[in-house]
Amino acid sequence: MTEIVFPQDDGQPLTVDLRNPYLAALLAWLIPGAGHFYQRRRAKGALFCICILGTFLFGLGLGRGRVVYASFDSEDFRWQFVPQLACGAVSFPALAQKIVTQDGGDPMWVLCERFPGNHPNSDLRFSKITPENQDQKRNDTTIKDGFMAPPAGPKFARGNDVLAKWHFDYRHDFEMGTLFTIVAGLLNLMAIYDAFVGPAILTRSQKNRLEGQPEGS
Amino acid sequence: MLMVNLLGLSPMLALVTPQMWYAVPLVVAVSLVWGATRHERLREIAGHSLRSLFWVLTFMMVVFALIYISGYFTQ
């Protein structure tokens, strides 16, 4: 058990019981706010949970479930997944999808199907198959978009592929979704730190020192 | 007074560029989490968050206004 006492301006010292800080940090990473619930800091736990999970899920929704995926190929190195992974368990489906699809397998939780990249009609290549255009299917070979799965099919650093289609179809929502999920991950890093060492409270003397005023003023 | 003017200006800027609305939930979440890592009591968290919210919005609006005005000179 780790207990920290913060001297307060009103004279009432504030005691924060961090319990087992290592376990709290692990829980805080797995589920935002869970570490604080374990430490019985329920109000802050609820605040972190709502703000961080809300931001992450809002971003995921903006990106139609496609902005969080694990891909480390040279053509599509998704560095954004590293901060997104800081949100913990909510980003784990992306790891599962990476394992399932890395040998060319179909993803779990298919969101839609697309025409293959070698379709005779160049306008339909990598486009979504809809009831209006499904008669253009030449065979059963399709590209499948999966929830939190990396873009399937051939990848090109410059040129049309599934990732380019995602950007084209969802426009700024794709960028915003990526941004929201990255920020949620970075915010959870702060929450993990708070669960591990407690809040970064400044006492009056520390404030004075920072502001260059003499102690006790 | 400055805060009132900036808050009055923000919907106007958001009308000019609707994508600006995406910033609102993001800034609110960042301010609340930032405030919560600096305090333990909810009242102090709320006060710190409001101050952070004000400064972040101020900074964003100043940058937005500078970029928006500079657009008139590059046309």
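**Ground rules.** I number residues from 1 along each chain as its sequence is written, and chains are lettered from A and ligands numbered from 1 in the order in which they are written. As the model is predicted, local features need pLDDT of at least 70 and side-chain atom pairs count only at pLDDT 80 or more, while totals for chains, interfaces and linings use all residues.

**Chain A, overall.** I counted the elements and found seven helices and four strands in chain A. Helices here are DSSP runs of H or I with at least four residues, strands are runs of E with at least two, and numbering starts at the N terminus. From that end, the order in chain A is β-β-α-α-α-α-α-β-β-α-α. I then looked up its dimensions. The C-alpha atoms of chain A fill a box of roughly 80 × 35 × 30 Å along the principal axes. The radius of gyration of chain A is 23 Å, whereas a compact globule of 217 residues would have one near 17 Å. That radius is taken over C-alpha atoms, and the globule rule is 2.2 Å times the number of residues to the power 0.38.

Burial came next. Of the 217 residues of chain A, 35% count as buried. A residue is buried if 20 or more other C-beta atoms lie within 10 Å of its own, exposed if 12 or fewer, and partly exposed in between, with C-beta atoms placed from the backbone. I also checked contacts (C-beta atoms, placed from the backbone, within 7 Å). Among those in chain A between residues at least 6 apart in sequence, 61% join residues at least 24 apart.

**Chain B, overall.** Chain B has three helices and zero strands. Its pattern along the sequence is α-α-α. Of its 75 residues, 20% count as buried. Residues 24 or more positions apart make up 50% of the chain B contacts with a separation of 6 or more.

**Where the chains meet.** I find 23 residues from chain A and 14 residues from chain B in the contact. On the chain B side, helix 2 gives the most, with nine residues. By class, that side has nine nonpolar, three polar and two charged residues. My classes: Ala, Val, Leu, Ile, Met, Phe, Trp, Tyr, Cys and Pro are nonpolar, Asp, Glu, Lys and Arg are charged, and the others, Gly among them, are polar.

**One helix pair.** Helix 3 (residues 42–62) of chain A and helix 2 (residues 23–38) of chain B have axes that come within 10 Å and cross at roughly 150°. The two helices are therefore roughly antiparallel, a label for angles over 145 degrees. Their crossing is left-handed.

**Asp194(A).** Is this residue buried or exposed? Asp194(A) counts as buried, because 27 C-beta neighbours lie inside 10 Å. Asp194(A) sits in helix 6 (residues 162–197) of chain A. Leaving aside neighbours within four places in sequence, I find Asp194(A) in contact with Pro199(A) and Thr37(B). Gly104(A) is 90 residues from Asp194(A) in sequence and 41 Å away in space, C-alpha to C-alpha.

Just after helix 7, Gly212(A) takes a positive phi of about 80°.

Definitions and conventions: Axes are lines fitted to C-alpha atoms, for helices over the stretch in contact, and angles run from 0 to 180 degrees between N-to-C directions. Angles under 35 degrees count as roughly parallel, over 145 as roughly antiparallel, 65 to 115 as roughly perpendicular and the rest as oblique. A crossing is left-handed if the near helix is turned anticlockwise from the far one by less than a right angle, and right-handed if clockwise. Two residues are in contact if their C-beta atoms, placed from the backbone, lie within 7 Å.
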